[in-house]
Amino acid sequence: MTGQTYFITGTNRGIGLELVKQLLQDPSNHVIATLRRVDDIPESTVTKNPKLTILRLDYNMDDPETQYNALSQELAALDVGIDVFIANAAKNDATTNVLDSSIEQYLNFFRINTLGPVQTFKILKPFMLKKKTRKVVFTSSILGSIGGFPDFLSKHYPCAPYSLSKAGLNLLGKELSFELANEGFIVINYHPGLINTGKKDEFPNDDYNALKQDFKPDQTILDFVVKNTFSVQEGVSRELKIIKGLTASDNGKFLAHDGSEVEY
């Protein structure tokens, strides 16, 4: 994974910021990181690195086409090839079950979590064709798995719009893996586990902290949480190890943080 160019969305904090930090430990890497607001640069020690390029990308924009066109122009101006796309940006503050969720909630999550990463990849594809690596990682969740959905969490993690949006992303990622196999792309969906980013209350968009604080876990839940919860540093280290080891045989897989396959 030495000397490659990475395009990562959602890097202002949490997993995205840690991805930037760990990748820049290798001075031969170039990281193109996106933020919803470019004036919200998180840490000068990171952003001053000459191998880091900051671009704006906000899936909440009213006019997404204008933003995607601007992104394409900025990448063309950089005259860069991209080896790895990590679609990290997502909305994960759902607090409602299936029947409690409004149409607006479902559509908002779908627009950000499902279509946002795919539309971004549409812009990135020509730049990835300049390189031979061509790895695409759609950050998903086991909560978007139909066969592997942890039903014992349903009462303690009400997130129907989020789950639907990730299931949709899983499907599109799987379909892309077939469509692009002949062009040398490796496309996977990735379940990072429950990442405890340690954010404060004003940033509840966190898998771990979204668990209801007043629930009384039984042993099944305790075992699941203990096995699947990591610090952001360990979670990112696991993710980069998975990405580094990807081969053509992994194309189309839904992989978990330990390398195992998750049911679609």
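Guide: Relative accessible area under 20% is called buried, over 50% exposed, and anything in between partly exposed, with a 1.4 Å probe and protein chains only. This is a predicted model, in which local features need pLDDT of at least 70 and side-chain atom pairs count only at pLDDT 80 or more, while totals for chains, interfaces and linings use all residues. Residues are numbered from 1 along each chain as its sequence is written, and side-chain values use heavy atoms, with hydrogens and water left out.

Visitor: Is Lys253 buried, partly exposed or exposed?

Guide: The relative accessible area of Lys253 is 22%. Buried requires a value under 20% and exposed a value over 50%. Lys253 is therefore partly exposed.

Visitor: How many salt bridges does a search of the whole structure find?

Guide: The search covers the whole structure. Its total is eight.

Visitor: How many residues apart are Asp58 and Arg36?

Guide: Asp58 and Arg36 form a salt bridge, with the closest N and O atoms 3.3 Å apart. Helices (H or I, at least four residues) and strands (E, at least two) are DSSP runs numbered from the N terminus. Asp58 sits in the loop between strand E3 (52–56) and helix H3 (64–78), and Arg36 in the loop between strand E2 (30–35) and helix H2 (44–47). The pair links distant parts of the chain, and the separation is 22 residues.

Visitor: What is the relative accessible area of Asp83?

Guide: Asp83 forms a salt bridge with Lys131, the closest N and O atoms being 2.7 Å apart. Lys131 lies in the loop between helix H4 (103–128) and strand E5 (135–139), and Asp83 in the loop between H3 and strand E4 (84–87), 48 residues away. Lys131 is partly exposed at 25%. Asp83 is buried, because its relative accessible area is 4%.

Visitor: At which residue does H4 bend?

Guide: In H4 the bend is about 45°, with Pro117 following within four residues, and its place is Leu115.

Visitor: Which residues does Ser165 touch, not counting residues up to four places away in sequence?

Guide: Ser165 is in helix H5 (residues 160–179). At 1% relative accessibility it counts as buried. With contact taken as heavy atoms within 4.5 Å, Ser165 touches Phe109, Phe110, Asn113 and Thr114.

Visitor: What is the phi of Arg134 near?

Guide: Most residues other than glycine have a negative phi. Asp79, in the loop between H3 and E4, is not a glycine but has a positive phi of about 50°. Arg134, in the loop between H4 and E5, is buried at 16%. Its phi is also positive, near 55°.

How values were computed. A salt bridge is a side-chain nitrogen of Lys or Arg within 4 Å of a carboxyl oxygen of Asp or Glu. The bend at a residue is the angle between axes fitted to the seven residues ending there and the seven starting there.
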